[in-house]
Amino acid sequence: MTLQRTERVVPEGYGGTHPTIAQPQLRQAVGEVTGASSGGRYITVVLGQPFYFSSGTSSHMSDTWFPFQHFEGTDLRKERGFFHRQVWPDGTELMHEFFHEKRRAADIEKVVAYLKQLIPTLCPSAGDNEKQLREILKNMRRPDWEPWVRMSDNLDHWVISRKLSADGSLWQTELGKFIGPRLLPENPYLLEIQPLLQLENFRPQPPVLETCKAANEWLRQHGCAIP
């Protein structure tokens, strides 16, 4: 992706200047996208962060753009954010299932604290917003968190996912609808990102990166920090 530095004054409340965001480029990797779990994925890069287009096979949330780190063989190295650490903890914590009835109240408090820290504009002060958030969380069950484990701990990644996904899929869940409109990134140009959907209808289809090496090299060329 090409970034162009601008000196245009951004909306009041943001401060400073930020890079504008060009239309993301697309690729298929590793291999062609077939719809099967063994096939490739549509990928793109925004501000040096790679994203993949979910088929919904394991996330159960198709048509969502999720952040990831890089390719390992034909597999994606996905993010390991807060929700991943809660749902799939290391060691003995596996015996204590996230949102199990016996720890549900404590987990809700943990999630509220995390979201308020990650998204300062979520609940500016204790009140109706926080009450509504708690009600949403009370109605969620362990399987509802499966798509959220793919999110990182970076606010901008959440904003980009929402914009690329056209406010749909993950962002149409009750939690997504609550969080989405309250996401205010430091770079206001993130809010101008255009959706990337209905990729199967693209003509021509994006170029195919056939190997892990080629896919990671393409990510590097577009500003991604790949080990």
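Predicted model: local features only at pLDDT ≥ 70, side-chain atom pairs only at ≥ 80, totals over all residues.
**Entry 1: strands.** I started at β6, which four bridges join to strand β7 (residues 75–78), the two running antiparallel. Strands here are DSSP runs of E with at least two residues, helices are runs of H or I with at least four, and both are numbered from the N terminus. I count two strands as paired if DSSP finds at least two bridges between them. Residues are numbered from 1 along each chain as its sequence is written, and side-chain values use heavy atoms, with hydrogens and water left out.

Buried means under 20% relative accessible area, exposed over 50% and partly exposed in between, with a 1.4 Å probe and protein chains only.

**Entry 2: T211.** From G73 I went on to T211, 138 residues apart from it along the chain, and found their C-alpha atoms separated by 7.7 Å. T211 sits in the loop between β8 (208–209) and α6 (212–221). It counts as partly exposed because its relative accessibility is 39%. Its side chain reaches the backbone nitrogen of A214 at 3.0 Å.

**Entry 3: helix α3.** Next I listed the buried residues of α3 (residues 128–138): E130, L133, R134, I136 and L137. Seen down the axis, they fall within an arc of 160°, so they line one face of the helix; the arc is that of the directions from the helix axis to the C-beta atoms. D128 and K131 are exposed on the face turned away from that buried side. The buried residues pack against α2 (104–118) and α5 (174–179).

**Entry 4: core.** Last, I opened the largest nonpolar core, which has 60 residues; among those touching the most other members are F83, L115, W148 and W158. Such a core is a set of buried Ala, Val, Leu, Ile, Met, Phe, Trp, Tyr and Cys residues joined through side-chain atoms within 4.5 Å. Its largest share, six residues, comes from α2. Leaving aside neighbours within four places in sequence, W158 has contacts (heavy atoms within 4.5 Å) that include F83, Y114, W171 and L183.

Conventions: Polar contact = N/O pair within 3.5 Å; in protein donor to acceptor, adjacent residues only side chain to side chain.
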